[in-house]
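Biologist: Could you walk me through this structure? I am new to it and would like to take it one step at a time.

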Amino acid sequence: MKCRILHETKGRLRVHLCIGRMTLRQADLLETWLKGQPWTREAVVHERTCCVIVTYTGDRETVLSA
């Protein structure tokens with residue numbers, strides 16, 4: 001899935017998904033998947049703006065590759 005990093009601080013990423021629209025079901029599935037990852041501390045998906053905010057622990061490259 002293509003995305004663009006909008007904002008980044010240590011341990012936190014805000015990315016915009018490069019898709020036209022996102023359904024509520026798609027947002028829920030993505031959020032559930034993100035929360036199930038071992039490096040995720042918190043994850044929020046906004047279906048209206050197609051943005052994802054992830055607070056993580058560990059290596060940044062691990063998060064970006066996922």
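This is a predicted model: local features need pLDDT of at least 70, side-chain atom pairs count only at pLDDT 80 or more; totals for chains, interfaces and linings use all residues.

Biologist: Let's begin with threonine 40: is it buried or exposed?

Modeller: Threonine 40 belongs to strand E3, which covers residues 40–46. Its relative accessible area is 13%. Buried means under 20%, so with 13% threonine 40 counts as buried.

Biologist: Which residue's backbone oxygen does the side chain of threonine 40 reach?

Modeller: Leaving aside neighbours within four places in sequence, threonine 40 is in contact with Leu34, Lys35, Thr55 and Tyr56. The side chain of threonine 40 comes to 2.7 Å from a backbone oxygen, and that oxygen belongs to leucine 34.

Biologist: How far apart in space are histidine 46 and threonine 62?

Modeller: In sequence, 16 residues separate histidine 46 and threonine 62. From C-alpha to C-alpha, the distance in space is 22 Å.

Biologist: Which elements give two or more residues to the largest nonpolar core?

Modeller: That core has 15 residues, and Met22, Leu30, Leu34, Val45 and Val52 touch the most other members. The elements giving two or more residues to this core are strand E2 (12–17), helix H1 (24–35), E3 and strand E4 (51–56).

How values were computed:
Residues are numbered from 1 along each chain as its sequence is written. Side-chain values use heavy atoms; hydrogens and water are left out. Helices (H or I, at least four residues) and strands (E, at least two) are DSSP runs, numbered from the N terminus. Buried means under 20% relative accessible area, exposed over 50%, partly exposed in between (1.4 Å probe, protein chains only). A polar contact is a pair of N or O atoms within 3.5 Å; within protein, one must be able to donate a hydrogen and the other to accept it, and residues adjacent in sequence count only if both atoms are side-chain atoms. Contact means heavy atoms within 4.5 Å. A nonpolar core is a set of buried Ala, Val, Leu, Ile, Met, Phe, Trp, Tyr and Cys residues joined through side-chain atoms within 4.5 Å.
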